[in-house]
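Please keep the sequence and the structure in view while reading.

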Amino acid sequence: MAEELDVPESHPRYESLFTRHRIEEGVEKGITSKQGLIAEGRGEAFDYLLGERTIESADEAERVAAAHLLLADNPVLSVNGNVAALVPGEIVELAAATGADIEVNLFNRTDERMEAIDDHLREHGARNVKGLAGDGRIPGLDHERAKVDADGIGSADVVLVPLEDGDRAEALGEMGKTEIVIDLNPLSRSAQVAAVPIVDNVLRAVPNITVHARELADESDATLEAIVDGFDPDAALQAAEQAIRSGSPQ
Ligand code: ATP
């Protein structure tokens with residue numbers, strides 16, 4: 001990390017400066033949209049209020065997410081411009097640890113950006129990236145926003161959607177998919193409709209789901225199902241809100 005950004009890792013705002021730097025680079029490379037900059041700012045504000053740490057309830061949700069991905073028949077990790085800029089290698093590692101597919105899924109879809117993200121993920125070790133076919137549809141959304149791959153998100157049973165917009169998160173849920181959402185705002189519609197809301201920074205959440213997936217890899221389906229069944233999404237959202245209200249920003 002350090003060689004990319006001329007700020008020492010000991011700087012109290014290192015992570016936030018590093019994140020901005022990555023998003024800015026993402027925009028320059030044509031990976032991240034300008035709206036992605038605004039989404040980043042909103043996320044940062046919530047991360048500040050959470051104390052820029054993974055709270056206990058988020059760690060639990062990350063373990064549950066790992067169990068869901070391991071149990072799934074067709075798990076898919078959805079990648080947008082911010083996720084591609086922030087955690088490309090970490091997404092590839094999570095896909096390997098859970099047997100999930102990676103699909104590029106953009107709110108503002110353009111062929112140029114789809115291809116730039118596809119290339120960027122491949123540079124970080126991804127072999128089979130979905131999303132370019134766009135031959136499936138999410139019902140209830142307008143044409144461009146509805147596009148997914150029929151054999152990717154279209155037929156997935158479990159989907160990880162970091163930083164998804166609220167409309168699409170709702171529409172995916174209505175398709176009967178188990179949705180795992182990573183979003184720093186516990187009040188966002190995406191977090192509210194998720195089967196597993198993870199209120200954490202994608203920078204911390206994605207590698208931590210991988211750590212849990214590796215730890216759970218040899219567990220029986222019965223053990224994984226017990227982990228999934230014991231999870232209460234409303235309690236997780238409440239715990240995050242509580243942490244924000246009573247938290248200790250650094
Ligand atoms: P809603 O879900 O309420 O419709 P929205 O679609 O308006 O929200 P956006 O403006 O697209 O949401 O913002 C993206 C969301 O991603 C915000 O809720 C923000 O908190 C969250 N976010 C931004 N950066 C990160 C990050 N690094 N990690 C996790 N979440 C983030």
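The structure discussed here is a predicted model.

## A negative patch on the surface

A patch of negative charge is present on the surface, and it is formed by Asp111, Glu112, Glu115, Asp119 and Glu123. Aspartate 111 belongs to helix α6, which covers residues 111-123. The relative accessible area of aspartate 111 is 51%. Because residues over 50% count as exposed, aspartate 111 is placed in the exposed class.

## The two faces of helix α11

Helix α11 comprises residues 221-229, and Leu224, Ile227 and Val228 are buried within this helix. These three residues lie on the same side of α11, because the arc they cover around the axis is only 100°. The face turned away from the buried side of α11 carries Ala222 and Asp229, both of which are exposed.

## Salt bridges

Across the whole structure, 14 salt bridges are found. One of the pairs joins the side chains of lysine 147 and glutamate 144, with an N to O distance of 3.3 Å. Glutamate 144 is partly exposed, its relative accessibility being 33%. Another salt bridge connects aspartate 165 with arginine 168 at 3.9 Å, N to O. Both aspartate 165 and arginine 168 are buried.

Arginine 189 and glutamate 170 likewise form a salt bridge through their side chains, at 3.9 Å from N to O. Since arginine 189 is in helix α9 (residues 189-193) and glutamate 170 is in helix α8 (residues 166-174), this pair ties together parts that are 19 residues apart in sequence. Arginine 189 is partly exposed at 42% relative accessibility, and glutamate 170 is partly exposed with a relative accessible area of 32%.

## Loop residues with positive phi

Which residue in the loop between α2 and α3 is considered here? The residue is glutamate 52, and the loop that holds it runs between α2 (34-49) and α3 (56-71). Glutamate 52 is not a glycine, yet its phi is positive, at about 50°. The relative accessible area of glutamate 52 is 17%. Because buried means under 20%, glutamate 52 is assigned to the buried class.

Leucine 163 also has a positive phi, of about 55°, although leucine 163 is not a glycine. This residue is located in the loop between β6 and α8. With a relative accessible area of 30%, leucine 163 is partly exposed.

## Serine 155 and its distance to aspartate 118

Serine 155 is situated in the loop that lies between β5 (147-148) and β6 (158-162). The relative accessible area of serine 155 is 36%, and serine 155 is accordingly classed as partly exposed. In sequence, serine 155 and aspartate 118 are 37 residues apart. In space, the C-alpha atoms of serine 155 and aspartate 118 are 20 Å apart.

Definitions and conventions: Residues are numbered from 1 along each chain as its sequence is written. This is a predicted model: local features need pLDDT of at least 70, side-chain atom pairs count only at pLDDT 80 or more; totals for chains, interfaces and linings use all residues. Side-chain values use heavy atoms; hydrogens and water are left out. Patches are made of residues with over 30% relative accessible area and no salt bridge: like charges are joined within 9 Å, nonpolar side chains (Val, Leu, Ile, Met, Phe, Trp, Tyr) within 5 Å. Accessible areas come from the Shrake-Rupley method with a 1.4 Å probe; for residues, only the protein chains shown count as cover. A salt bridge is a side-chain nitrogen of Lys or Arg within 4 Å of a carboxyl oxygen of Asp or Glu. Lys and Arg count as positive and Asp and Glu as negative; His and the chain ends are not counted. The place of a charge is taken as NZ of Lys, CZ of Arg, CG of Asp or CD of Glu. Helices (H or I, at least four residues) and strands (E, at least two) are DSSP runs, numbered from the N terminus. Buried means under 20% relative accessible area, exposed over 50%, partly exposed in between (1.4 Å probe, protein chains only). The arc is that of the directions from the helix axis to the C-beta atoms.
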